[in-house]
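Here is a short report on selected sites.

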Amino acid sequence: VNFRDGWAGLGPPAMYTWLSSGVATLARMGGQVKSAHAYGEGNRREAVQYGKGALQLALVLAAVYGIITNLFAGPLIDFFHLNSNLVVEDAIVYLRIACGLILFAFIGQTLTGLYTASGNSRTPFVATCTGMGANIVLDPLLIFGLGPIPGMGVAGAAIATVTAQFIVALVLVISMRRDPVLASQMRVWIPTPLSNIKTMVRIGFPAAIQSMLYCGISMVLTRFVTAWGDTAVAVQRVGGQIESISWMTADGFGTAINAFVGQNYGAGNLKRVKKGYMTASAIMFIWGIFTTCLLIFGAAPIFSLFIHEAEVIPAGADYLRIIGFSEMFMCVELMTVGALSGMGKTMEASVITIILTASRIPLAVILGGTAMGLNGIWWALTISSIVKGIIFFVYYLHIMKRMKA
């Protein structure tokens, strides 16, 4: 098995599954923020309306996204100008399966937001861990095969991912029966007032555009990376997976602080809003420093766990070392975006993110054209993340100074 080519085939279609998260954000963010505000105000009826409306939006968006990605799978993968026909074929297969059945991911993300808005982060945690456990077992089983189960390669990886997403969604749906508000939100066949839908779209739209543009910028950078061959694409894909130990944790804290800020902001308890943010910032600072040390000092051994080709490991270690310098700043950025969104300030968070993330493209062109080569692109990512983290933290401190608590 050529691990490098396998990872290269997963990289481009994974960008479109990432892009789908931005589309799902339109439903999830609006429903989560407004449900949290309604909980804080003690208005359970509004919480039900916003939750139900969020799920209805998610179902429609998932269907549209799945159809479009399957109809245009070839051109979507051709955008990356991959260097191998085999890699292109694998990428198309993965895209058709993973995005064609993206419904389960949309449901899981939206329900996670609604659970968090109600103050219940434990159930989404259990559901996610269950799905991840299933994915860990199914990935090697379906990719390589075992006994009567044939090895399906990239198609197996896609099926494992979709199955894990289905399991997460199923656990969340079953658990909703225990809560009267969440159970009522599942009645998606009952129309939601248009005013609620408009409010959710107004709040969720900036965050959705931010996420999709962020992904779009990363797609452009990935196209730059393909100029260095399939090895570079594999390094980016595997490196991003390893880096997820920091950004997934930070994103989880961002989701939690979003609900915490949303409920207390809705209740007018600004003192708790300030205290919650500073506590979360301290935790993210510590976690960010830990992951920085881990990636910088353990770069080669960690990367070699995922790709065994000796010629690829040095490039992968370079990626982890360079990206490692930005981890603490990225953690603070993601957590702060969650806090700002909890107050309904999705537009401000989106503007800052879009402008500074877009700067990666010219910076990558400049640094990639120097003697650093491919490493110049990784430094472009790191520099922009550091600047974003600093600006978001300073901006939130400015907002807290203006609060009257």
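## Surface patch

A patch is made of residues with over 30% relative accessible area and no salt bridge; like charges are joined within 9 Å, nonpolar side chains (Val, Leu, Ile, Met, Phe, Trp, Tyr) within 5 Å. A salt bridge is a side-chain nitrogen of Lys or Arg within 4 Å of a carboxyl oxygen of Asp or Glu. Accessible areas follow the Shrake-Rupley method with a 1.4 Å probe, and for residues only the protein chains shown count as cover.

The model is predicted: local features need pLDDT of at least 70, side-chain atom pairs count only at pLDDT 80 or more, and totals for chains, interfaces and linings use all residues. Residues are numbered from 1 along each chain as its sequence is written, and side-chain values use heavy atoms, without hydrogens and water.

V60, V64, I67, I68, L71 and F72 make a nonpolar surface patch of about 590 Å². V64 lies in helix α2 (residues 44-71); helices are DSSP runs of H or I, at least four residues, numbered from the N terminus. V64 has a relative accessible area of 44%. That is partly exposed, between buried (under 20%) and exposed (over 50%), with a 1.4 Å probe and protein chains only.

## Cysteines

The whole structure has zero disulfides (cysteine sulfur pairs within 2.5 Å). For C293, the nearest cysteine sulfur is that of C331, 12 Å away. That is too far for a bond. C293 is partly exposed at 36%, whereas C331 is buried at 0%.

## N375

N375 sits in helix α17 (residues 374-402). Its relative accessible area is 22%, so N375 is partly exposed. Leaving out residues up to four places away in sequence, N375 touches D318 and I322 (heavy atoms within 4.5 Å). N375 and I77 are 298 residues apart in sequence and 24 Å apart in space, C-alpha to C-alpha.

Terms used
Helices (H or I, at least four residues) and strands (E, at least two) are DSSP runs, numbered from the N terminus.
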